[in-house]
Amino acid sequence: MSHHIVEVRNLQHVYPDGTIAIKDVSFRITHGESVAIIGANGAGKSTLLQHLNGCLTATSGEIRIGDTPLSKGTLPDIRRTVGMVFQNPDDQLFMPTVFEDVAFGPLNLGLSGSEVDQRVSDALDRVGAGHLRAKPPYHLSGGEKKRVAIATVLAMSPDILVMDEPTSGLDPFARRQLMSLLREFRHTKIFTSHDLDMVLDLCQRTIILHEGAIMADGPTVDIFRNDALLAACRLEKPFSMQGCPNCGNNFDRKPEASTDRNIFHVDTCIRMNESGSR
Amino acid sequence: MKSITAAVMDLNRLEQLADSDSPIHFLDARAKVLVTCVFVVSVVSFNRYELARLLPFFIFPAVMIALAGLPPLYLARKIALISPFVLMVGLFNPVFDRAQLYQIGQMGISGGWISLVSLFIRSLLTVGAAFILVGTTGFTAVCQALERLGIPQIFAVQLLFLHRYIFVLADETGRASRARELRSCGRKGLGVGSFGSLVGHLLLRTWQRAERIHAAMLARGFVGRFHAHRQSRFGASELCFLLGWSLLFIALRTFDFSGALGALVAGIVP
């Protein structure tokens, strides 16, 4: 399934005011990979993502989705393949009701009425927002908006899912729900995020952007163990790797270790401490 | 701030009304657009002192509201919002047009007053018809119908974007004016000066936001066409609806039914 491959070669983007946002970025993401693009504010993450479905045009360099180079002629096909969830759901929801908003993409794909109905219901059910279908988007809470925004993209059945800050602004429960939803999505996934614990849980591979250039590209766990690299890129370890706040011991973070185990450690540690002081 | 948000919600309610299931809602949008056009042209083409012959036209909004199950009070409130502007347009009619047309007892009524009332009734009818059209069809479908009736696509899409832009603009205005209100501590802030820059910022912000929304639309396969979810075709019921109402409006415009009825009643009751 070669159309699930994302290849970026020597990408450069200069904004009209002369700011160089992306400098010579190259990477290749293969089918089924889940990749996080992380970096400090202003590192160029969102700019990079917006190139992947042609929202921004590269100053130089090349992007290929599968075997297709991204160009004006191939844009409609590429936009069908690459589903993009924007950072702010308010920018994504513009129709009078949730239903119409989710139906917008499938109708543009030229699907028939019953098929559109089916796709909309499926997408809304997948994000647990079936009950919101008749509501106008601005009546929703932040988390609901985010879920509906994701449904608008799922309804188009993209092969590659690109999300800008998927967990920002969500409450802890909604964040967990979203994470398990994303884990189920079997195709290629590309995220940008400041939620490094989510990155640790969902992405096997991480790319660090710093001032528009790639500073590191490798297995997520290795990258998060490299303190010097993280500090140089204005990043910190995820909380679950920062060690127990009570005893200061480092957690033995293995890729398969769960956050729950660390929470259990902190819990017992604090309890032992309390019983000791008594 | 509150009033802006409330106004947007109110406007959106009109859109939501279009989602109901009534025989009128299921008609093809083109039939409704054409009937509304014939209605508006018939109403506005009367001479400016006409009163009695306008009244039978109220049958159209009455029947449509009843059949489509629209909330009459809500529509009345919407129309009432427009009426100050109408009154402003006709404000000077009674001042400049003092020729006496009718006499009731000792009181003479000038042509200016008659034309003002006529203008007001016309506005009720035409604005009401427009609201009924959007409330039974939805703005997207109206724009689509216009396109299918031969208006260039670019105008139809432009009109639709303008409609959506109202929501974006109102949203940003609400936020900006709240920020200003909170920091002006109940006083006037920096007065008119701060409003100048506020409006400038609003333009730039809504512009940027509109660009982001456009990007999101493109990302979901938008190629300059809006698709209405409700598929319909121009069938027999549409033809009956169009011909029935149009013939009635043309008849009401051509023959003086009110006068005839008046003469009839006057003839029976001496």
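I'll start with Gln92(A), which sits in helix 3 of chain A, residues 89–92. Helices here are DSSP runs of H or I with at least four residues, numbered from the N terminus. Before going on: this is a predicted model, in which local features need pLDDT of at least 70 and side-chain atom pairs count only at pLDDT 80 or more, while totals for chains, interfaces and linings use all residues. Residues are numbered from 1 along each chain as its sequence is written, chains are lettered from A and ligands numbered from 1 in the order in which they are written, and side-chain values use heavy atoms, with hydrogens and water left out.

Back to Gln92(A). This residue is buried, at a relative accessible area of 0%; buried means under 20%, exposed over 50%, partly exposed in between, with a 1.4 Å probe and protein chains only. Leaving out residues up to four places away in sequence, Gln92(A) touches residues of chain A including Met84(A), Phe86(A) and Asp101(A), and also Ala216(B) and Arg220(B). Contact means heavy atoms within 4.5 Å.

Now the interface. Here 24 residues of chain B are in contact with 28 residues of chain A. The two chains bury about 2,400 Å² between them, 58% of it on carbon and sulfur atoms. That area is the accessible area (1.4 Å probe) that two parts lose on being put together, summed over both.

How many salt bridges cross the interface of chain B and chain A? The rule finds 3, a salt bridge being a side-chain nitrogen of Lys or Arg within 4 Å of a carboxyl oxygen of Asp or Glu. One salt bridge joins the side chains of Arg212(B) and Asp91(A), at 2.5 Å from N to O. On the side of chain B that touches chain A, helix 1 (2–17), helix 9 (153–184) and helix 10 (192–219) of chain B each give two or more residues. Helix 10 has the largest share, 8 residues.

Arg209(B) also lies in helix 10 of chain B. Is Arg209(B) buried or exposed? Arg209(B) is buried, with a relative accessible area of 5%. Arg209(B) and Glu172(B) are 37 residues apart in sequence, and 9.1 Å apart in space, C-alpha to C-alpha.
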